[in-house]
Amino acid sequence: IHQEVPVEIESFVHGALCYCYSGQCLMSSMIGGRSGNRGRCAQPCRLPYQVWEDGKPVLKGNVLSLKDLCTLDILPDIQEAGVYSLKIEGRMKSPRYVAGVVSIYRKYVDRYLEWGKEGYYVEPEDRKALLDLATRPEFTQGYYKKHNGRDMIALGEKPAFRPGNQALFDYMDEQFVGTEPKEPVRAQAVFREGREACLTLESGDTKVQVYGEVCQRAEKQPASREGAARQRGKTGGTPFQMEELSVDLEDGLFLPVQSLNRLRREGLKALQEAMTGRWHR
């Protein structure tokens, strides 16, 4: 497809697989009145069944339940085949699962891009982490290397209890679930007597400049660079984190805290609008 058709290709690389060809399953509709062909599948294939032959039970267990897809070992082959977008199952999954799986695949995409196919290898700890995050205890490479096969089916009954990797879960919660990502900001503040206070903010390739009140000479207690920097460095509940801050302050000036806070708020607001505005339809 990649060689013959000029389109970007997306392909599933990790997560639950459907037992049937897409749009060909009527089991959920027949058993529970919820049609999988209308996006309401109740996943009856995940239930245990008995297989009978000549009037006798020959097999019992998850005989229709596929193992989860995992393509970490063949990721270079998938990318070299021309797949542009790697699709990871995330619907009805926990933030911990999504963050963990995506971060591991991001790591190995980068490894392939940096080292190529010859230097590519998968660390056993990462393969185990994917299993610990998964619902089912085994993986398959799905249809990438074969048409179908018995080893794609879980067959065995799902264990009633499987000990979790609490250290991994705590790490994922700390790094991804319980924290809010922040955009790094570089700031420069300039204060000159008789001129408007000026604050310049940069994040990535976006740069804004805002102005405040005219700076006056102090009658009693002049402002310090440390105090001005402390007020400028606060980002509050904004999606930003101060990475670098420089203050160019003329000696002997009076800088009201209220004016500094207002300048900071207006600057961060302008930066956010400049960064998000380009994506408005």
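## Charges over aromatic rings

The charged end of Lys93 sits over the ring of Tyr97, 4.7 Å from the centre of that ring. This description rests on a predicted model, and the contacts given here should be read with that in mind. Tyr97 belongs to helix 3, where Tyr97 is among the buried residues.

## Helix 3 and its surroundings

Helix 3 covers residues 95-115, a run of 21 residues, and reaches 30 Å from its first C-alpha to its last, which is close to the 30 Å expected at 1.5 Å a residue. An α-helix has 3.6 residues a turn, so residues three or four places apart point the same way.

The buried residues of helix 3 pack against several elements: strand 1 (9-15), strand 4 (68-70) and strand 5 (83-88), together with helix 2 (75-80), helix 4 (124-133) and helix 5 (166-177). Just after helix 3, Gly116 takes a positive phi of about 75°.

## Two aromatic pairs

The structure holds two aromatic pairs. In one of them, the rings of Tyr108 and Tyr120 have their centres 5.9 Å apart and their planes at 70°, so this pair is edge-to-face. The pair links distant parts of the chain, with Tyr108 in helix 3 and Tyr120 twelve residues away in the loop between helix 3 and helix 4. Both Tyr108 and Tyr120 are buried.

The other pair, formed by Trp115 and Tyr121, is stacked, with 6.2 Å from centre to centre and 15° between the planes. Trp115 counts as partly exposed because its relative accessibility is 41%, and Tyr121 is also partly exposed, with a relative accessible area of 41%.

An open sheet of four strands has the order 10-9-8-12, and its pairing is mixed. Strand 10 (206-214) and strand 12 (240-249) are the edge strands, each of them pairing on one side only. On average, and with direction ignored, neighbouring strands of this sheet are turned by 20° against each other. Strand 8 (residues 183-191) and strand 12 run parallel and are joined by nine bridges; Phe191 has Leu249 in strand 12 as its bridge partner.

Helix 7 (residues 257-277) packs on this sheet, touching strand 8, strand 9 (196-203), strand 10 and strand 12, and its direction makes about 155° with that of strand 10. Leu255 lies in the loop between strand 13 (253-254) and helix 7, and Leu255 counts as buried because its relative accessibility is 12%. Leu255 and Val214 are 41 residues apart in sequence, while their C-alpha atoms are 9.6 Å apart in space.

## Strand 3 and its partners

Strand 2 (residues 49-53) and strand 3 (residues 56-66) run antiparallel and are joined by five bridges, among which Gln50 has Lys60 in strand 3 as its partner. These two strands form a hairpin with two residues between them, and Asp54 in the turn has a positive phi of about 55°.

Strand 3 is also joined to strand 7 (residues 153-155) by two bridges, and this pairing too is antiparallel. Here Leu66 stands opposite Ile153 in strand 7.

Notes:
Residues numbered from 1 in each chain as written. Predicted model: local features only at pLDDT ≥ 70, side-chain atom pairs only at ≥ 80, totals over all residues. Heavy atoms only, no water. Expected span 1.5 Å × (residues − 1). Buried < 20%, exposed > 50% of the residue type's maximum accessible area, 1.4 Å probe, protein only. Contact = heavy atoms within 4.5 Å. Pairing = 2+ DSSP bridges. Axes fitted to C-alpha atoms, helices over the stretch in contact; angles between N-to-C directions. Phe/Tyr/Trp six-rings, centres within 6.5 Å; stacked < 30°, edge-to-face > 60°. Lys NZ or Arg CZ within 6 Å of the ring centre and 35° of its normal.
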